[in-house]
Amino acid sequence: MLTELHKAGYHIFYLTARPEWLMKPTRDWLRDKGFPQGTVHTTNTPTGAQGEAASKYKITEIKQMTANTGITPSLAFGNKDSDARAFGEAGINPKNSFYFKLEGDALGGVVHEDYRPLAKTAAVMPLVCR
């Protein structure tokens, strides 16, 4: 899904509540798993964030990005309850929020077991400026 979006010109923004010292291992993991290039944001804390703190961090980051660029993310992908809360509160359309094996409330988002079928969604997304 992300590869298809990247090919269509979408900028990939990886947002994680992991601590900053895990930036390199996170980038390495993304590369090794075949994820497309993109911006990676981590917390600036030595321990990262979980639960409510992770939600607050992600909400702040997404809102700051929107304020700085005037762009609210078109699509969002996650796997934690904190992602569902953050995406909704940051203004991302729940219909465009996808959660991998989420056991909690997706708050109107789409829960799935496999990203591959979602690539069809990417194929019908409008191309963006390159």
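1. Tyr14, Trp29 and Phe35 form one aromatic cluster. The structure under review is a predicted model, and the points below should be read accordingly.

2. Four aromatic pairs are found when the whole structure is searched. In one of them, the ring centres of Tyr14 and Phe35 are 6.3 Å apart and the planes stand at 80°, so this pair is edge-to-face; the cut-off for that class is an angle over 60 degrees. The two residues come from distant parts of the chain, 21 residues apart: Tyr14 belongs to strand β1 (residues 13-15), while Phe35 lies in the loop between α2 (23-32) and β2 (39-41).

3. Phe35, at 34%, is partly exposed.

4. A further pair is made by Phe87 and Tyr99, whose ring centres are 5.9 Å apart with the planes at 20°; this pair is therefore stacked, since planes under 30 degrees apart count as such. Here too, distant parts of the chain are linked: Phe87 sits in helix α4 (residues 81-89) and Tyr99 in strand β4, twelve residues apart. Phe87 is buried, with a relative accessible area of 7%, and Tyr99 is buried as well, with a value of 1%.

5. Strand β4, which carries Tyr99, is part of an open sheet of three strands in the order β3-β4-β5, paired in parallel. The edge strands are β3 (76-78) and β5 (110-112), each of which pairs on one side only. On average, and with direction ignored, neighbouring strands of this sheet are turned by 25° against each other.

6. Strand β4 (residues 97-100) is joined to β5 by three bridges, and the two strands run parallel. Within β5, His112 is the residue that stands opposite Phe100.

7. Helix α4 contributes several buried residues, namely Ser82, Asp83, Ala84, Ala86 and Phe87. Their cover includes α3 (51-69), β3 and β4. The stacked ring pair of Phe87 and Tyr99 thus joins α4 to β4, and β4 is one of the elements that cover the buried residues of this helix.

8. A backbone detail at the end of α4 may also be noted. The helix is followed by Gly91, which has a positive phi, near 95°.

Notes: Residues numbered from 1 in each chain as written. Predicted model: local features only at pLDDT ≥ 70, side-chain atom pairs only at ≥ 80, totals over all residues. Heavy atoms only, no water. Pairing = 2+ DSSP bridges. Helix = DSSP H or I, 4+ residues; strand = E, 2+ residues; numbered from the N terminus. Axes fitted to C-alpha atoms, helices over the stretch in contact; angles between N-to-C directions. Phe/Tyr/Trp six-rings, centres within 6.5 Å; stacked < 30°, edge-to-face > 60°. Buried < 20%, exposed > 50% of the residue type's maximum accessible area, 1.4 Å probe, protein only. Contact = heavy atoms within 4.5 Å.
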